[in-house]
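User: Hi! Could you walk me through a model with me? I'll just ask things as they come up.
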Protein chains: 2
Amino acid sequence: MKLLLALAVAVLSLSGVVPIQAADPLPSWNDGKAKQSIVEFVTKVTTAGSPDFVPVPERIATFDNDGCLWAEQPMYVQLQFAFDRVNALALQHPEWKETEPFASLLKGDVKGALAGGEKAMLGIVMATHAGMTTEEFERTVQEWFAKAKHPKTGRPYTEMVYQPMLELLAYLRVNGFKTFIVSGGGVEFMRPWTEKVYGIPPEQVVGSSIKTKFDIRDGKPVLVRLPEINFIDDKEGKPVGIQQHIGRRPVAAFGNSDGDLQMLQWTAAGPGVRFCLYVHHDDSDREWAYDRESHIGRLDKGLDEAKAKGWTVVSMRDDWREVYPK
Amino acid sequence: MKLLLALAVAVLSLSGVVPIQAADPLPSWNDGKAKQSIVEFVTKVTTAGSPDFVPVPERIATFDNDGCLWAEQPMYVQLQFAFDRVNALALQHPEWKETEPFASLLKGDVKGALAGGEKAMLGIVMATHAGMTTEEFERTVQEWFAKAKHPKTGRPYTEMVYQPMLELLAYLRVNGFKTFIVSGGGVEFMRPWTEKVYGIPPEQVVGSSIKTKFDIRDGKPVLVRLPEINFIDDKEGKPVGIQQHIGRRPVAAFGNSDGDLQMLQWTAAGPGVRFCLYVHHDDSDREWAYDRESHIGRLDKGLDEAKAKGWTVVSMRDDWREVYPK
């Protein structure tokens, strides 16, 4: 039996059916404590007979998206999408010329538009994310991503993902992990492209959402997106979203901001060996440098807690050989 | 390459690593139209080059639970759990002796307890399902299942599952399907045992839920179950739950009542070949016979729509060789 197995593996390796573990599964990671801690954790939990062994079904890993898997500067991508949609929809809404926050936005005055605080933001989100069917929204998202470019690099947003994190996702999956996104972003804004870009299927994306309603239109069942918050998957919401959606505590969690802190705390508090990692944005040359003072992706309490608890803190500057895919 | 693949498959078959399709993957199903329709559908969507071929990631199949995967008579299992919990908790609640619906329930008068309608039911559910952490609730559910017996057969509830449906779940999975439960039942009532009993992991269970709240107690993060409805995964709620949780329309859906009708409609309305199946309870000898007039698992509109649309209707009496596992 053992011989047959060995033969099978050899044949499959030749045929390329089974992913072959490269000599280095994380080539865009520089050698150092961060990379080492990842490999040590994965080795521990996947080594049969090890006291830290975790059975495959329990190998759940959760990743924040904005600032953890892709760039969140100079503005959350979904916010840029909402602004672009306001402009695209303006002709259908002549009243927006006289109504805030739309009037400012249409004049290109983002700061003025956002001066209205949470209420202004909610107005923009609902005007651009609700009122259509789920299929219509999905199409709109796909069309936007096909054209939109990052304002600094000119690359499509789906190329503003972090190459080292793509390798990490693949490395975990090859080792039997199920990888999930757990993001404050809108779940239906992510699902149209996460499978292609991250290898993460729609059913493994957890995010914020608005309510939807089942309806029959012209004899055809549809789901209509309503202008009402359903769930905010951020901060204290992340463990709640994880429990609702996954129903099992992760053994590894990856974030970059204080919005991920509760997810990391929830993960760390489980029995047995756990792995928590923060991506620290300290690379002003190749990406951005921000943490305690930033209004986007602030990492303050989380940085202190990571140090106190010995979580892995990744320096983008020192630990990453590459930032974006070539 | 082709030769290598063939060799690899041959070797793996010998070594038993790859599940070998038995001559009959559905031995508890009698030959007939129902069984034939299942096999034909699976063959169509899994045959490479077929116009009906469905790529593996899109092979999503959703199953109702009560009355579809296990018996729901003479009472929904979760209701029995709630009643048993009221009795177990009565000592801590002396006031229940004087308060409905608890007073009636404690006297064994279920009918009297439920006379208060939805409000009474909600009171019983919240008194028994909320107020503890998610971990405490999970333990309570596990302990209850370890002891509780079905009132008619005396078997543990986890043995009151349908053998033909277990075979169907396995048959779909061997053919690349991801199988989900989409039930009106409480998601945290199912997750502690679905993996062992159905081979369905917690993250593939969609159900009704109450709200939970993240909290730190004695320095330890917990999720506390609140006495507030979060989501009802029934009727119009099922397509909503599917979209929220799976984010992809199923290609096959399985139910047994009008509560599943919208899920089947939503599934059927997708492009390409789709499969919808109703389990029809018409076996008064081995199980129960009920449909249009039943207050549990009523199948009325659904039966008409199944006939009109040519969905598969399974006769438990005629199509199933066995009902429960031996």
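User: Let's begin with strand 2 (residues 178–186) of chain A: how many of its residues are buried?
Analyst: Nine of its nine residues are buried, so strand 2 of chain A is mostly covered. Buried means that 20 or more other C-beta atoms, placed from the backbone, lie within 10 Å of the residue's own. Keep in mind that this is a predicted model, where local features need pLDDT of at least 70 and side-chain atom pairs count only at pLDDT 80 or more, while totals for chains, interfaces and linings use all residues. Residues are numbered from 1 along each chain as its sequence is written, and chains are lettered from A and ligands numbered from 1 in the order in which they are written.

User: Which strands does strand 2 of chain A pair with?
Analyst: Strand 1 (residues 60–63) pairs with strand 2 in the parallel sense over four bridges, and F63(A) stands opposite I181(A) there. Strand 3 (residues 205–217) also pairs with strand 2 in the parallel sense, over three bridges; here G186(A) stands opposite S208(A). Pairing requires at least two DSSP bridges between the strands.

User: Switching topic, how many helices and strands does chain A have?
Analyst: Chain A has 13 helices and seven strands, counted as DSSP runs (helices H or I, at least four residues; strands E, at least two).

Note on methods:
A residue is buried if 20 or more other C-beta atoms lie within 10 Å of its own, exposed if 12 or fewer, and partly exposed in between; C-beta atoms are placed from the backbone.
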